[in-house]
Structure formats: structure tokens, C-alpha cells
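I opened my notebook to go through this chain step by step, writing down what I looked up and what I found. I begin with a single residue and widen the view from there.

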Amino acid sequence: MATDELAQKLQRRLLLEESGPEPAPGGEEAAAGWGAGQEEEESRSSMFASADSELGAKLSRRQDINDGTARPRQAKVFNPYTEFKEFSRRQIKDMEQMFRLYDSGKDGYIDLMELKLMMEKLEAPQTHLGLKNMIKEVDEDFDGKLSFREFLLIFHKAAAGELEEDSGLMTLAKLSEIDVSTEGVKGAKNFFEAKVQALSSASKFEAEIKAEQDERKREEEEKKHRRAAFRELKSAFSQ
């Protein structure tokens with residue numbers, strides 16, 4: 001009796017080994033749940049492996065820079081005079097002065113609230129959504145504020161006819177009063193005429209630099225004359 005029972009158990013054991021393990025309680029649902037959990041675990045492991053690889057590459061490069069076997073990447077230097085050649089040096093200086101005037105935080109950017117103040121000062125207030133759209137149109141780095149380069153892009157796009165006539169940026173460009181009448185660009189009296197005419201002046205950039213140098217020399221000469229006159233006056237009183 002006991003021998004027959006033992007034989008049946010052994011036979012059943014052999015059958016199980018040949019056909020694979022019996023399904024766990026719960027059947028297919030349990031198996032599906034286990035499979036989903038396994039996939040999630042593999043996905044998580046892959047994500048961590050990718051992050052570890054990226055971090056390892058950054059640490060390795062930093063070590064190479066410290067050891068002198070690699071050079072740090074140089075940030076691109078922004079030069080408004082070479083990048084925006086359609087504008088004269090005086091125009092760019094005027095734009096920079098306006099930018100600094102409204103950069104009340106002095107952080108090198110005009111944020112949404114500072115732009116709001118600017119448009120109110122220009123008597124062309126905008127809605128909150130309108131201000132956001134103004135920034136979005138030239139916000140190349142998607143930081144939600146205007147750098148000086150992005151500020152210059154407003155005037156670049158306006159002069160190139162790339163702005164809608166009734167847009168907030170076109171309003172800003174028109175009302176900014178960037179004066180070019182003193183530039184002597186063939187008597188141009190407004191920003192857009194000056195832009196077109198400046199393009200035809202090949203040596204204008206060099207001429208402006210020379211004019212600035214001559215102006216500085218003239219100021220230095222005046223200072224020398226004033227100092228000499230002051231010394232003569234002082235000498236006369238001391239006698």
C-alpha cells in the first residue's frame with residue numbers, strides 16, 4: 001500500500017519535471033502581474049544605468065580638465081557690433097542704454113515685469129498674455145526673459161519686416177525712439193530708413209570707430225587745457 005503510494009508520487013514528480021512547474025495560484029493574472037513588474041524593474045534599471053553613465057562621463061571630463069588633458073568648452077562671446085552689422089554703433093549703444101534703463105534688477109535680463117513697465121512707459125501697455133507672447137517670439141533659450149541679444153533681435157526682426165504690424169514687439173520697436181538723426185546716414189530721420197542706408201555703407205563701421213577715437217582725443221585735449229588753466233590761476237593767487 002505504502003509502496004504503491006510512493007510510486008504514484010514519484011511518477012507525478014517526473015511528469016512535473018517534464019512539463020514544467022505548475023502555475024502559481026491565481027493563474028494567468030498572477031503571471032501577467034509578475035511579467036509587468038519585471039518589465040518595470042528592467043526599465044528602472046536601464047534608466048539608472050543611463051543616468052550613471054552620463055554622470056560618469058561628466059566626472060571623467062572634469063577630471064581630465066583638472067589634470068590638464070582636456071580643455072574646458074569656451075562659451076561663445078556675444079559681440080553685437082559684428083552680429084548685428086545692419087545697425088550703426090550709435091544705434092546699438094542707444095539700444096543698450098534703453099536695455100539697461102529697464103533692467104531694474106541689473107542682472108543682464110529684462111523679465112516679464114520689467115517688460116511690463118517698459119511698455120507702460122512707452123504708453124502701450126500689454127496684457128499679461130501679450131507680454132508673454134512678446135518674450136516668446138524672441139526667447140531663443142526659453143528662459144522666459146530677454147537677454148540683450150534677444151532685445152536686439154526685436155529691432156532686427158522689425159527692420160527685416162519679420163514682425164506683425166500690430167504686434168507688441170513692433171510697437172516696442174516703433175516707440176523706442178532709437179534716434180539716428182545724429183548719425184549722418186544721408187539725412188535719415190527714422191530707424192527703418194537708416195537701416196536700409198547703413199547696409200550700403202561698407203566702411204561706415206570703421207569710420208564710426210575713428211570718430212569715437214577722435215572724440216576721445218578731443219576730450220583729452222580739453223582736459224589738458226583746463227588743467228593748465230587751473231595751474232596758471234592757482235599760481236597767480238599764490239604770488
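This is a predicted model: local features need pLDDT of at least 70, side-chain atom pairs count only at pLDDT 80 or more; totals for chains, interfaces and linings use all residues.

Looking up where K106 sits, I found it in the loop between helix 4 and helix 5. I then checked its backbone and saw that K106 has a positive phi of about 55°, although it is not a glycine. I reminded myself that most residues other than glycine have a negative phi.

Next I turned to E123, which lies in the loop between helix 5 and helix 6, the latter covering 128-138. E123 is likewise not a glycine, and I noted its positive phi, near 60°. With a relative accessible area of 72%, E123 is exposed. I also wrote down E177, which comes just after helix 8 and takes a positive phi of about 55°.

Read from the N terminus on, the elements run α-α-α-α-α-α-α-α-α-α. The chain has 239 residues, of which buried residues make up 25%.

Which residues of helix 8 are buried? In this helix, residues 168-175, I listed G168, L169, M170, L172 and A173 as buried.

Is L112 buried or exposed? I found L112 in helix 5, which spans residues 112-121, and its relative accessible area of 17% makes it buried, since buried means under 20%. I also looked up a pair that includes L112: its C-alpha atom and that of I135 are separated by 7.7 Å, while the two residues are 23 apart along the chain.

My next entry is on E86, found in the loop between helix 3 (80-83) and helix 4 (89-102). Although E86 belongs to a loop, I record it as buried because its relative accessibility is 11%. I then asked which side chain the side chain of E86 makes a polar contact with. The partner is the side chain of H156, at 2.4 Å.

Finally I looked at charge on the surface, where K223, K224, R226, R227 and R231 gather in a patch of positive charge. One of them, R226, I placed in helix 10, which runs over residues 204-238.

Key
Residues are numbered from 1 along each chain as its sequence is written. Side-chain values use heavy atoms; hydrogens and water are left out. Helices (H or I, at least four residues) and strands (E, at least two) are DSSP runs, numbered from the N terminus. Buried means under 20% relative accessible area, exposed over 50%, partly exposed in between (1.4 Å probe, protein chains only). A polar contact is a pair of N or O atoms within 3.5 Å; within protein, one must be able to donate a hydrogen and the other to accept it, and residues adjacent in sequence count only if both atoms are side-chain atoms. Patches are made of residues with over 30% relative accessible area and no salt bridge: like charges are joined within 9 Å, nonpolar side chains (Val, Leu, Ile, Met, Phe, Trp, Tyr) within 5 Å. Accessible areas come from the Shrake-Rupley method with a 1.4 Å probe; for residues, only the protein chains shown count as cover. A salt bridge is a side-chain nitrogen of Lys or Arg within 4 Å of a carboxyl oxygen of Asp or Glu. Lys and Arg count as positive and Asp and Glu as negative; His and the chain ends are not counted. The place of a charge is taken as NZ of Lys, CZ of Arg, CG of Asp or CD of Glu.
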